[in-house]
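Dear colleague,

I am passing on the structure below, and after it you will find notes on what came out of going through it. Please read them with the coordinates open beside you.

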Amino acid sequence: GEDIETYPLVITNEFKLLYFEMAPGATIDWHTHTPAFDEVALCLAGTARYTLEREDGSHQTLDVGPRESVYVPGGARHRIDALGDDRHEGLVAMPSDPVARVEMLEGASPYRIEDWPVALWVDRRRDEVVESDDDAVST
């Protein structure tokens, strides 16, 4: 919905870099990525709470503000909550999942690849730009 917006900045065969915004109070609910799917999130603005579930069922909670990052290991069940009165803006680096939605083990995917306005999508094996937005990038 309008509470969460995702915009991929770069997609290659190896990784993708996503910009995302969450409205105050918005939640990306509990979900689990496959074990190889590590992600690193950098807070650009606002504040967010990352809650990770440990193997024993207990929770680890990390609050991040601007210029702070959080590492979410692959396979870790987690959720993200936007805190405070300001929009949370973040940047996430993660591996590419070439088949949409297949990589998610559990939980609703916070993004739908068919809805993404792609800034730059590079297939490095074929050494070609698959798609680019001239307003977003210069090549």
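**Strand pairing around β8**

Thr47 has Leu83, a residue of β8, as its bridge partner. Please keep in mind throughout that this is a predicted model. The pairing to which one would turn next is that of β5 with β8, which is antiparallel and extends over six bridges. β8 is also joined to β3 (residues 27-33), again with the strands running antiparallel, through three bridges, and here His31 has His78 of β8 as its bridge partner.

**The nonpolar core**

The largest nonpolar core holds 20 residues, of which Met22, Tyr50, Val64 and Ile80 touch the most other members. At least two residues of this core come from each of several strands, among them β5 (47-53), β8 (78-83) and β9 (88-95). Leaving aside residues up to four places away in sequence, Tyr50 touches a set of residues that includes Phe20, Leu62, Val64, Val70 and Ile80, but also Gln60, Arg79 and His88.

**Arg87**

Arg87 is situated in the loop between β8 and β9, and it counts as partly exposed because its relative accessibility is 28%, a value between the cut-offs of 20% for buried and 50% for exposed. Its side chain makes a polar contact with the side chain of Glu21, at 2.9 Å, and, with residues up to four places away in sequence not counted, Arg87 touches Met22, Pro24 and Gly46 among others. Although Arg87 and Ile4 are 83 residues apart in sequence, their C-alpha atoms are 9.8 Å apart in space.

With best wishes

Conventions. Residues are numbered from 1 along each chain as its sequence is written. This is a predicted model: local features need pLDDT of at least 70, side-chain atom pairs count only at pLDDT 80 or more; totals for chains, interfaces and linings use all residues. Side-chain values use heavy atoms; hydrogens and water are left out. A nonpolar core is a set of buried Ala, Val, Leu, Ile, Met, Phe, Trp, Tyr and Cys residues joined through side-chain atoms within 4.5 Å. Buried means under 20% relative accessible area, exposed over 50%, partly exposed in between (1.4 Å probe, protein chains only). Helices (H or I, at least four residues) and strands (E, at least two) are DSSP runs, numbered from the N terminus. Contact means heavy atoms within 4.5 Å. Two strands pair if DSSP finds at least two bridges between them. A polar contact is a pair of N or O atoms within 3.5 Å; within protein, one must be able to donate a hydrogen and the other to accept it, and residues adjacent in sequence count only if both atoms are side-chain atoms.
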